[in-house]
Amino acid sequence: MALAPYACMHPRCGSRPLSDSGSEQRTAFQRDCDRIVHSTSFRLLMYKTQVFVAPVCGHFRTRLTHTIEVARVARAIASSLGLNPDLAESVSLAHDLGHTPFGHIGEQALNEIMKDHGGFEHNAQAVRIVTNLERSYIGFNGLNLTWETLEGIAKHNGPVDETGLAMADAYADTDLELHTYPSAEAQVAALADDIAYNCHDMQDGLRAEFFAAGDLTELPLIGPAIWRVRRDYSDVSESRINQTALREVFGELVEDVYRTSMQRFDEFNPQEPDDIRNAGCATVSFSEDCRRQMNVIRDFLFDRMYRNERVNEECAEGSAAIRTLFNHYRNHPSDLPAERLEDYHSAVGDTGRLRAIADCIAGLTDSFALKETARIATAS
């Protein structure tokens, strides 16, 4: 496949923090994908919240299934734009590695706890994971990923103004150029994330009966799609109609990114990857009309799903669990898992020790965090 001149065809010279012998069969970005997929942190995403805490029904998304969907969308968009699909995939696979149990509520709780010690932010935590906290290789910590993948993990949503302790703890000799935009491939990963969660959260919300198809017919994008499918297939079940309409919306969003981004490439005329990074704005983008319509859908999901009483109750339980665990480990550090206990004892100062506790809690699954909280309550 021929790549555009502004695609990241190969990693920068000396791209990995530690040099290695490479592979004759796989590209550097393919090897990044493999290292991420085989990591412990990636597997744990299977048991972390997307919207529902510790879902027992396999029909609802978890953080892992969301990540897989994002990676597939990113590959498709990157390929259509002449970008490197392997890099888009590697960033997508790693983009949520830093999420805590209980999703964004867990992240907010840890950020509040750590506010005087560098805070907590899941993208920065993902950098910590792939540069330090994974411990499966001989001779180094982390996954020794390429610079391009690290850059994409750190700033796929755009330039990062506040590096915080987590970013600072990445390899000191790895300048991720946080003040610039990321590669076009990383920008693709960010939009693939938006497409995936908007579409699958509508699907999960229907299944959870937070709203009905009739509610969706009043929304842009999905409403017209439902009416079209009902018109063309009047004799099929409502469930099949909804699924078909959501797939249509999915395709429309992908097509919008393609059309808009190709127009912007023609406008900016980038000739190399750094032209994308230094463009001063995102080059891969939704159209303004599409973004407005997606914002309406997002507001609807916040009102009817993310702030649903059942979800709020689960989130409140998760936030309380985070705080209980943090206080317990702070007072009883010997209860930390072996690797985090080693980090705790080797840490410099109170901030370093608290960061080791935050690393431990961020790596827990929903169910383990809840069980550990219950154990602590029983023992006290």
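Helix H3 (63-80), helix H5 (103-113), helix H6 (122-133), helix H9 (184-207), helix H14 (288-306) and helix H15 (309-331) each give at least two residues to the lining of the largest pocket. Helices here are DSSP runs of H or I with at least four residues, strands are runs of E with at least two, and both are numbered from the N terminus. A pocket is found on a 1 Å grid over the protein atoms alone: it is an open set of points where a 1.4 Å probe fits, with protein on both sides within 12 Å along at least five of seven lines, and its lining residues have an atom within 4 Å of a point.

Before I go on, the source. This is a predicted model, in which local features need pLDDT of at least 70 and side-chain atom pairs count only at pLDDT 80 or more, while totals for chains, interfaces and linings use all residues. Residues are numbered from 1 along each chain as its sequence is written, and side-chain values use heavy atoms, with hydrogens and water left out.

Back to the largest pocket. Its volume is about 800 Å³, meaning the space filled by probe spheres set on the points, which are joined across faces, edges and corners. There are 39 lining residues, and Arg-63, His-104, Asp-193, Tyr-197 and Phe-302 lie nearest the centre. Which helix supplies the largest share of this lining? That is H9, with 7 residues. The lining divides into 16 nonpolar, 15 polar and 8 charged residues. Nonpolar covers Ala, Val, Leu, Ile, Met, Phe, Trp, Tyr, Cys and Pro; charged covers Asp, Glu, Lys and Arg; the others, Gly among them, are polar.

Next, the second largest pocket, with a volume of about 440 Å³. It is lined by 21 residues, and Thr-40, Ser-41, Leu-44, Arg-340 and Gly-363 are the closest to its centre. Two or more lining residues come from each of helix H2 (40-44), H6, helix H16 (338-346) and helix H17 (349-362).

Now the whole chain. How many helices and strands does it have? The count is 18 helices and 0 strands. The radius of gyration, taken over C-alpha atoms, is 21 Å, close to the 21 Å that the globule rule gives for 380 residues, so the chain is as compact as a globular protein of that length. That rule is 2.2 Å times the number of residues to the power 0.38.

Of the 380 residues, 54% are buried, that is, under 20% relative accessible area with a 1.4 Å probe, protein chains only. In helix H1 (residues 28-37), the buried residues include Phe-29, Arg-31 and Asp-32.

Terms used
Buried means under 20% relative accessible area, exposed over 50%, partly exposed in between (1.4 Å probe, protein chains only).
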